[in-house]
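Here is a short report on how the parts of this model meet. Keep the sequence and the 3D view open as you read.

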Amino acid sequence: MAIKKKSIFRAERGSLIFYSLMMIWPILQFCVFYIGVNFNSVLLAFKEIDPLDYSKYTYTFDNFTNWFKGSSWLELKNSLGVSLKVYVISLAIGVPLGLFFSYYIYKKMPLATFYRVMLFLPSILSSVVLARLYQYFTDWALPELLAPLHIEYGTKDVPTLFATNSEYKFVAVMAFNIFVSFGTTVLMYSNKMSTISPEIIESAHLDGAGALTEFFYVVLPLSFSTISVFLVTGVAGIFTNQINNYALFSFQAPTEVVTVGYLIYNKTRHAASINRMPDFPFVAALAVMLTLVAVPLTYGVRFLLNKFGPKED
Amino acid sequence: MASITKLFKPRNEKREKMSLLTVIMCIILAVYCIVLLALIFWGLITVLKHPEEFLNGHNRAGLPKYVFLDKGGNFVRAMKLWHKTTPEETTFVESLLNSILYAAGGAFINTLVQCLTAYLCARYKYKLSKIVYGAVIVAMILPIVGSLASEIEMAKRFGLYDQIWGTWIMKANFLGLYFLVFHEMFSSMPMAYSEAAKIDGANDWSIFWKIAFPLAVNTFMTVLLINFVALWNDFQMSLVYLPTHHTMAECVHRAFETTGDFTAPPLRFAFTFILMTPILILFLCFHKRLLGNLTIGGVKG
């Protein structure tokens, strides 16, 4: 009995040693690159780094207040407006389309497998490839293709440089973003829908449910746990989504399409490329302010979805 | 956390009749596919045009008047001019090597850390396991915006900046959706296997490598593939963290920003096709694995 207890103890001790050793790296990495980075981000937001000696700094609130003055405020106000517009449009067009596409694939309608592959294709191609193909096509080829229409029907002039330099650039950029947005979501939604028991669908059919009723009253509620993951995590996307601006326009995106995510990335990249550390705190301050807005917003949406969203049971 | 991962199994029931809704969806999807394929096809025919034909011949949308493949055409020219995209004059081979190291190394380390941490949390019921699981959920829901400036500063401080191995270390974390995928997989694995191995004298290390990991290898490969594709295509992070180790994606991005020899779109598109060819081959070989293996459920925490 004593020998058995001893061997169990030895095995448990061995497991604990294995567990502890294997956990060292993940915990260390998490502490440095998640907790440490974010803590440093908050500290950085209050720093004023000496431009002549980067090791010297003082603490200040100016990094926060300067965002609400002069050209920085105009820049921030504009990018916030664009970001909100992007979020609403994606929510109103991208999400419903993604759900309907998933439903089509889940129902195994004609060419469903092919459509599934095609919807996923933009996700595996680099954004720089697809974005530039789209940009050059709309800028150079589309005007040439639409030119005969102009002659035949007397329509309005087809703008050259459609995506880059016309009054439609926001529309063009949004169209592209919605176009490439379906890959992962459709994959996840349709996989989740495929877990719905066929008996439930059959009983809905026996009750006389048509496709729309089946979609809204059976499929949507039973897939809602997956949909809500994307809806909740998507809220922070208001402040992080760059709408492929960097792939389309590099660091020269027109004002009409500059989002907060792009603004933060571009300012950080610029500061890093010329090794200007004193510019980092200004960006970090904006990041801290936006996180303070994003946290309650995300939890608010999560609360509302949990309370009012459809329940699987 | 409701059902997170299940192997995708095609259902065998009969195909249903099409309704008005599905007919409309079919039309929209058909248009989507035509636009996407047309875009790629247009890119391909543009690469096959002589730069002069595109720029001065005013043939931007049509088929090439003659297929420009003399001495390899735009593809070979792109490879020869590759070094001109970067100030360090990174050659095609160097950027290819950088891409392989950045994407394969980063993807492998990230997937391995996620897989191993998920295994430890799922199979060892210590308090730390619960804390780690909670941290993943919190990190997913808690939106932290724009910590890039701070991350660069930290990377510089630790000597990881502008080092490919440095990006591996930064990516060797367990956070993210795939941790949950692995966690669900290991949780649903019967304990009987590991208990039997323990009776036979196997230690925890060999139980993981010889029993648990082979059972999870399918999911591991899928996640590895997804991570590899994402890193291969990524140019924004390498642009920031690897200012002198240019990857292929970054060189392609730079080709569109460089003037002089690079102004002609047929040449620029040759760069994009060179970048996407390996990924398209991977996709054609592994599309079933990429498309069919993962589902996620709701996150409750």
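## Domains of chain A

Domain 1 of chain A and domain 2 of chain A bury about 360 Å² between them, with carbon and sulfur atoms giving 79% of that area. Buried area is the accessible area (1.4 Å probe) that two parts lose on being put together, summed over both. On the domain 1 side, A:Ser41, A:Leu44 and A:Ala45 supply 88% of the area buried against domain 2 of chain A, more than any other three residues. The side of domain 1 that touches domain 2 holds three nonpolar residues, one polar and no charged. Here Ala, Val, Leu, Ile, Met, Phe, Trp, Tyr, Cys and Pro count as nonpolar, Asp, Glu, Lys and Arg as charged, and the others, Gly among them, as polar.

The model is predicted: local features need pLDDT of at least 70, side-chain atom pairs count only at pLDDT 80 or more, and totals for chains, interfaces and linings use all residues. Residues are numbered from 1 along each chain as its sequence is written, chains are lettered from A in the order in which they are written, and side-chain values use heavy atoms, with hydrogens and water left out.

The domain assignment (automatic or from a database) gives domain 1 as 2–45 and domain 2 as 72–308 in chain A. Their C-alpha centres lie 38 Å apart. Four residues of domain 1 are in contact with five of domain 2; contact means heavy atoms within 4.5 Å.

## Chain A against chain B

The area buried between chain A and chain B is about 9800 Å², and carbon and sulfur atoms give 74% of it. Chain A brings 99 residues to the contact and chain B brings 109.

One salt bridge crosses this interface. The term means a side-chain nitrogen of Lys or Arg within 4 Å of a carboxyl oxygen of Asp or Glu. The partners are A:Arg132 and B:Glu257, with the closest N and O atoms 2.6 Å apart. Helix 1 (residues 2–45) of chain A gives the largest share of chain A's side, 22 residues. That side divides into 66 nonpolar, 22 polar and 11 charged residues.

## Chain B

Chain B has 13 helices and zero strands. These are DSSP runs numbered from the N terminus (helices: H or I, at least four residues; strands: E, at least two). Its C-alpha atoms fill a box of roughly 75 × 60 × 40 Å along the principal axes. Of the 301 residues in chain B, 54% are buried, meaning under 20% relative accessible area (1.4 Å probe, protein chains only).

How values were computed. Buried < 20%, exposed > 50% of the residue type's maximum accessible area, 1.4 Å probe, protein only.
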